[in-house]
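Here is a short briefing on one structure.

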Amino acid sequence: MATAMNETAPREPRILLLGEGCCGCSACSASCPVGCISMERDSLGFLRPAVDASSCLECGRCERACPAISRPHEREVCRAYWCQAKDHALLGRSSSGGVFGLLASATLDGGGVVYGAAFDDGFRTVSHRRASSREGLEALLESKYVQGAVGREVYEAVSATSGPAGGSSTPARAARSQDCAAT
């Protein structure tokens, strides 16, 4: 297809070239000001971005939000800590030492909210959600070990949260949760 001399062909967003480098965090989709990026499952069931090129503004927000392309939060780890809850009931409902449950409970007790992954559809899918009570926290406990969908509404809710907030997620999602909607 030929273009006029003063026109340029639309540029394919770099997020489409990542392949397996894409972690499926949905930050690109959440950051798109026109909503032209959807997350679709590939042949192995992993979420990958799909772009409606006719709606794309080529603004680059998706690339700035993508942790595989733009890595502003990379830094050397100075210290690492190991923790385990002493509460045996909490340990029984947790997969990784119960620390998320402890931190989330303290956040909720302080009037805050927490975000994390929960099973849906009879343990067939995982989605991320907000909890503002201990009852809501129960669904977020235990590691899921599968990729979960994070909708735009979750990123927007995290960005709009005022006051104490906490969460449990993958490093890529955690790094982008506060800034992707604002990019």
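Buried means under 20% relative accessible area. Cys-36 has a relative accessible area of 9%, so Cys-36 is buried. The model is predicted.

**Cysteines**
- How many disulfides does the count come to? The count comes to 0.
- A disulfide needs two cysteine sulfur atoms within 2.5 Å.
- For Cys-32, the closest cysteine sulfur is in Cys-36, at 3.7 Å, and that is too far for a bond.
- Seen from Cys-36, the closest cysteine sulfur is that of Cys-32, again 3.7 Å away and too far for a bond.
- Is Cys-32 buried or exposed? Cys-32 is buried, because its relative accessible area is 7%.

**Ser-31**
- Ser-31 belongs to helix 1, which covers residues 27-31.
- Ser-31 counts as buried, because its relative accessibility is 2%.
- Which backbone oxygen does the side chain of Ser-31 reach? It is the backbone oxygen of Arg-61, at 3.4 Å.

**Strand pair**
- Strand 1 (residues 37-41) and strand 2 (residues 47-51) run antiparallel.
- The two strands are joined by 5 bridges.
- Ile-37 is placed opposite Val-51 of strand 2.
- The hairpin of strand 1 and strand 2 has 5 residues between the strands.
- In this hairpin, Gly-45 adopts a positive phi near 95°.

**Largest nonpolar core**
- In soluble globular proteins, nonpolar side chains tend to be buried together.
- The largest nonpolar core here holds 12 residues.
- Among them are Ala-85, Leu-90, Leu-91, Phe-100, Ala-104 and Leu-108.
- Val-114, Ala-118, Ala-131, Leu-137, Leu-140 and Leu-141 also belong to this core.
- At least two residues of this core come from each of helix 3 (88-92), helix 4 (99-109) and strand 3 (113-120).
- Which helix gives the most to this core? Helix 4 does, with 3 residues.
- Beyond its neighbours within four places in sequence, Leu-90 is in contact with Ala-85, Gly-98, Gly-101, Leu-102 and Leu-141.

**Second core**
- A second core is separate and has 8 residues.
- Its members include Cys-28, Ile-37, Cys-62 and Cys-66.

Definitions and conventions
Residues numbered from 1 in each chain as written. Predicted model: local features only at pLDDT ≥ 70, side-chain atom pairs only at ≥ 80, totals over all residues. Heavy atoms only, no water. Core = buried A, V, L, I, M, F, W, Y, C linked by side-chain atoms within 4.5 Å. Buried < 20%, exposed > 50% of the residue type's maximum accessible area, 1.4 Å probe, protein only. Helix = DSSP H or I, 4+ residues; strand = E, 2+ residues; numbered from the N terminus. Contact = heavy atoms within 4.5 Å. Pairing = 2+ DSSP bridges. Polar contact = N/O pair within 3.5 Å; in protein donor to acceptor, adjacent residues only side chain to side chain.
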